[in-house]
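Here is a protein to explore together. Take a moment to look it over, and then let us walk through some of its features.

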Amino acid sequence: LPASRFYDAFRGRIMFPIRDSAGRVIAFSGRILPSLDDGKVGKYINSPETILFSKSEVLHGFDRAKLAIRQKDAAILVEGQMDLLMAHQAGYENTVASSGTALTERQLERLRRLSENLLIAFDSDSAGMKASERAIRLALSLGVNVRVIALREKDPADLILHDKAAWERAVKEARHVIDFLLDGILNSEKESRVKALALEKQLLP
């Protein structure tokens, strides 16, 4: 092919290495630069899957977090690479990231071997809330103790950057998943009958 047919798949992106549990680089993830984000392309793109790299098995930061997870007997799960970096810089080295992919049973099993306690801190937007619900249901089905770190800012990285003390309080005050979901339903502006249906469909299962 002519040279003009080739292009950099990660152009205009900040590069992050993806490492296996031993710390060996097996792939890359690229986050779009804010100035180039037109909303039409994915915020993150990863290397294609290979024999070494499977998105359903890798947890970003696992190689750096595994010792801290054992020591603190808890893992913090965030969504993105920037959330992961900011959490580690803030001293929360027991943090791992799913990096925009749906959490899988294999990923949770890797965490559960180190600790049965999981704190979820996904983005507070609608996509983040849906991802949280999926992760919560999967974790509970595996017998993992789940607590939720409630965020007022859009994501953990923003909160840590602008108000580290608020992040620390949010982690310390992480709520059991049942309390978190119950409050969300009861504090909604929906009528009582709709709330009752939400309790039946979302909470009781």
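## A walk through the model

Let us begin with a pair of facing residues: Leu118 stands opposite Val146 in β7. Strand β7 covers residues 145–148, and it is joined by four bridges to strand β6, residues 117–120. These two strands run parallel.

Both strands belong to an open sheet of five strands, with the order β5-β4-β6-β7-β8 and mixed pairing. At the edges stand β5 (95–97) and β8 (175–176), and each has a single partner strand, so one side of each is left without a neighbour in the sheet.

Keep in mind that this is a predicted model. How confident is it? The mean pLDDT of the protein is 85, and 85% of the residues reach 70 or more. Confidence is highest in helix α1 (residues 62–72), at a mean of 96, while helix α8 (residues 192–203) has the lowest, at 69.

Now turn to helix α3, which spans residues 105–112. Which of its residues are buried? They are Gln107, Leu108, Arg110 and Leu111. Looking down the axis of α3, you would find these buried residues within an arc of 155 degrees, so they line one face of the helix.

| Residue | Relative accessible area | Class |
|---|---|---|
| Trp167 | 0% | buried |
| Phe28 | 40% | partly exposed |
| Asp73 | 40% | partly exposed |

Trp167 lies in helix α6, residues 164–172. Why does Trp167 count as buried? Its relative accessibility is 0%, and buried means under 20%. Along the chain, Trp167 and Ala150 are 17 residues apart, and their C-alpha atoms are separated by 9.3 Å.

Phe28 belongs to strand β2, residues 25–32. Together with Met15 and Val25, Phe28 forms a nonpolar patch on the surface. The three residues have about 250 Å² of accessible area together.

Asp73 sits in the loop between α1 and β4 (75–78). What is the phi of Asp73? The angle is near 50 degrees, a positive value in a residue other than glycine. Most residues other than glycine have a negative phi.

Terms used
Residues are numbered from 1 along each chain as its sequence is written. This is a predicted model: local features need pLDDT of at least 70, side-chain atom pairs count only at pLDDT 80 or more; totals for chains, interfaces and linings use all residues. Side-chain values use heavy atoms; hydrogens and water are left out. Buried means under 20% relative accessible area, exposed over 50%, partly exposed in between (1.4 Å probe, protein chains only). The arc is that of the directions from the helix axis to the C-beta atoms. Patches are made of residues with over 30% relative accessible area and no salt bridge: like charges are joined within 9 Å, nonpolar side chains (Val, Leu, Ile, Met, Phe, Trp, Tyr) within 5 Å. Accessible areas come from the Shrake-Rupley method with a 1.4 Å probe; for residues, only the protein chains shown count as cover. A salt bridge is a side-chain nitrogen of Lys or Arg within 4 Å of a carboxyl oxygen of Asp or Glu. Two strands pair if DSSP finds at least two bridges between them. pLDDT is the predictor's confidence in each residue, from 0 to 100.
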